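Opening the notebook on this one.

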Amino acid sequence: MIGFSPISATIGGALIGAAAGLLWIVNGRIAGISSIFGSALSGRLDDVRWRLLFLVGLPLGAALGLAFAPRLISDASAAMPSLGIGRYELAASGLLVGVGTALARGCTSGHGVCGLARLSARSIVAVLVFMLSAIATVYVVRHGL
């Protein structure tokens with residue numbers, strides 16, 4: 001399967017929402033990946049275990065999905081546009097994403113999935129900034145400004 005599929009997108013969204021809700025109900029934690037990752041690197045030892053298990057579960061869940069339902073997993077590599085940038089530009093881009101995540105006190109998944117569900121004003125502003133930045137970036141890249 002190549003590209004967007006409403007079925008796989010719906011199933012994926014439902015699973016992400018279920019995982020975020022389950023983490024909140026069972027553990028009382030918000031499923032913001034950047035904060036889980038950042039705290040796993042610098043957190044208390046007793047708090048690190050669930051964070052590492054959560055992070056390991058992300059690629060493991062994708063691998064299980066690919067093993068048991070490969071038709072529902074999109075071939076993301078075929079749908080990805082060519083960026084046309086080198087490794088240094090890619091590394092700088094990743095660094096800027098990290099800085100933006102730190103400034104926004106969360107990433108798109110944390111603000112978009114969990115923050116919006118909680119009607120957090122900070123998350124609503126963050127998601128609006130993320131989306132407007134993405135729209136502006138695509139416009140600039142496609143129109144060569």
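How are H6 and H7 oriented to each other? I get oblique, because angles under 35 degrees count as roughly parallel, over 145 as roughly antiparallel, 65 to 115 as roughly perpendicular and the rest as oblique. The axes of H6 (residues 108-117) and H7 (residues 121-143) cross at roughly 135 degrees and come within 9 Å. I take helices as DSSP runs of H or I, at least four residues, numbered from the N terminus. Axes are lines fitted to C-alpha atoms over the stretch in contact, with angles from 0 to 180 degrees between N-to-C directions.

Noted on provenance: this is a predicted model, where local features need pLDDT of at least 70 and side-chain atom pairs count only at pLDDT 80 or more, while totals for chains, interfaces and linings use all residues. Numbering starts from 1 along each chain as its sequence is written, and side-chain values use heavy atoms, leaving out hydrogens and water.

Next I listed who touches whom (heavy atoms within 4.5 Å). H6 brings Thr108, His111, Gly112, Gly115 and Leu116, and H7 brings Arg122, Ser123, Ile124, Ala126, Val127 and Phe130.

Then I checked H2 (residues 33-42) against H3 (residues 45-68): the angle is about 130 degrees and the axes are 9 Å apart. That pair is therefore oblique. From H2, the contact includes Ile33 and Phe37; from H3, Trp50 and Arg51 are among the residues.

Last, I looked at UniProt, whose unreviewed entry lists "transmembrane region" for residues 6-26, 52-73, 85-107 and 119-141; such annotations may be inferred rather than shown by experiment. Residues 6-26 are 100% helix, with end C-alpha atoms 29 Å apart. Residues 85-107 come out at 78% helix and 23 Å.

Key: Helices (H or I, at least four residues) and strands (E, at least two) are DSSP runs, numbered from the N terminus.
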